Amino acid sequence: MSSTENFHFSRRRFLTLAVATAATAWLKPRSLFAEDTSPVIIIRRAAATAKINLQKLRGNVSVLEGSGGNIAVLTGSDGKLLVDAGITASRPGITEALNSLSADPVKHLINSHWHFDHTDGNEWLHSLGAEITAHENTRKHLSTTTRVEGWNFTFPPAPTGALPTKLIVTDETLHLNGATLALKHYEPAHTDSDISVEFVDADILHVADTWWNGYYPFIDYSTGGSIDGAIRAATENVARVTEKTIVIPGHGPIGNKSQMVEFRDMLVSIREKVSALKKQGRSLNEVIAAKPSTEYDAKWGGFVIDGNTFTALVYAGV
Ligand SMILES: [Zn+2]
């Protein structure tokens with residue numbers, strides 16, 4: 001089996017588990033996943049054997065895919081800067097990929113938001129000498145016990161070494177490795193801690209989990225996310241880029257403006273359908289039975305969030 005097949009196999013298996021669980025989970029209010037098949041457990045387990053795929057983008061920016069969210073890497077004499085930390089279980093694969101880029105040590109880490117699949121590796125990267133930068137709400141959620149209802153999972157406080165120490169409130173500009181980086185906080189969207197990172201000279205934009213390229217996104221209502229916030233962020237993203245911009249989504253392959261337009265239009269369309277059904281007084285199970293996402297499921301339902309789960313996430317916010 002090639003590494004690519006292996007990667008897709010683990011995703012497919014993950015999907016099957018999620019769907020099987022979601023089909024029975026509706027009996028339990030507010031829980032989309034059973035405890036032992038929470039995406040948190042499945043993703044952490046998959047990360048131990050995941051193949052890390054390295055792709056050079058433009059300038060001195062690359063991306064690593066395969067361990068939780070996409071990881072952007074800027075190399076240079078000021079030390080490597082990473083956007084997002086992946087899952088600790090992937091440390092050997094991530095280390096190998098980073099070493100293949102250059103010998104620069106990892107000195108800087110930015111968390112795009114607080115979720116475990118973007119911050120799980122914080123502690124070991126900090127132990128290598130990385131200073132961690134994030135929105136202040138990322139530190140807030142990592143510092144305390146945090147329940148994510150949509151994942152049916154409660155996270156304990158992260159160890160001190162995993163906590164961001166350089167905090168952003170609205171925006172921040174950094175100059176490193178000859179590049180200018182513009183960090184910008186979104187109004188609450190996927191969570192209340194989402195920030196984008198723009199590599200200005202290379203015209204590359206990392207948009208955190210406000211975009212899943214080719215997949216229905218998770219929306220974390222437990223820490224400030226909402227479907228309307230997700231649509232607002234998706235609309236802002238479209239307005240910020242040109243056809244030439246390389247966009248790094250939180251999940252899914254590297255993409256471009258037209259793919260972001262398609263994602264935004266899908267969110268808007270399903271939101272309108274679900275909202276109309278809910279206004280008629282239909283229950284969650286009745287709305288799911290009406291299949292408001294059906295025309296989109298083949299394209300967008302192939303990862304963690306299937307059509308029924310996404311319908312439930314939209315229903316919660318309209
Ligand atoms: Zn996330």
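Predicted model: local features only at pLDDT ≥ 70, side-chain atom pairs only at ≥ 80, totals over all residues.
The protein donors are H113 (NE2), H115 (ND1), H190 (NE2) and D209 (OD), lying 2.2 Å from the zinc ion. Their spacing in sequence is H-x1-H-x74-H-x18-D. The pair H190 and D209 links distant parts of the chain, 19 residues apart. H190 sits in the loop between β11 (179–185) and β12 (195–199). D209 sits in the loop between β13 (204–206) and α7 (227–240). Both H190 and D209 are buried.

Helix α7 packs against helix α8 (residues 257–279) at an angle of about 155°, with the axes 9 Å apart. This angle makes α7 roughly antiparallel to α8. The crossing of α7 past α8 is left-handed. Residues of α7 in the contact include I227, I231, A234 and V238. Among those they meet in α8 are M260, F263, L267 and R271.

Most residues other than glycine have a negative phi. D84, in the loop between β4 (80–83) and α3 (91–101), has a positive phi near 85°. D84 counts as buried because its relative accessibility is 0%. N177 also is not a glycine, and has a positive phi of about 50°. N177 lies in the loop between β10 (171–176) and β11. With a relative accessible area of 11%, N177 is buried.

Notes: Residues numbered from 1 in each chain as written. Heavy atoms only, no water. Donors = N, O, S within 2.8 Å, 3.2 Å for Na, K, Ca; no water. Helix = DSSP H or I, 4+ residues; strand = E, 2+ residues; numbered from the N terminus. Buried < 20%, exposed > 50% of the residue type's maximum accessible area, 1.4 Å probe, protein only. Axes fitted to C-alpha atoms, helices over the stretch in contact; angles between N-to-C directions. Parallel < 35°, antiparallel > 145°, perpendicular 65-115°, else oblique. Left-handed = near helix turned anticlockwise from the far one by under 90°. Contact = heavy atoms within 4.5 Å.
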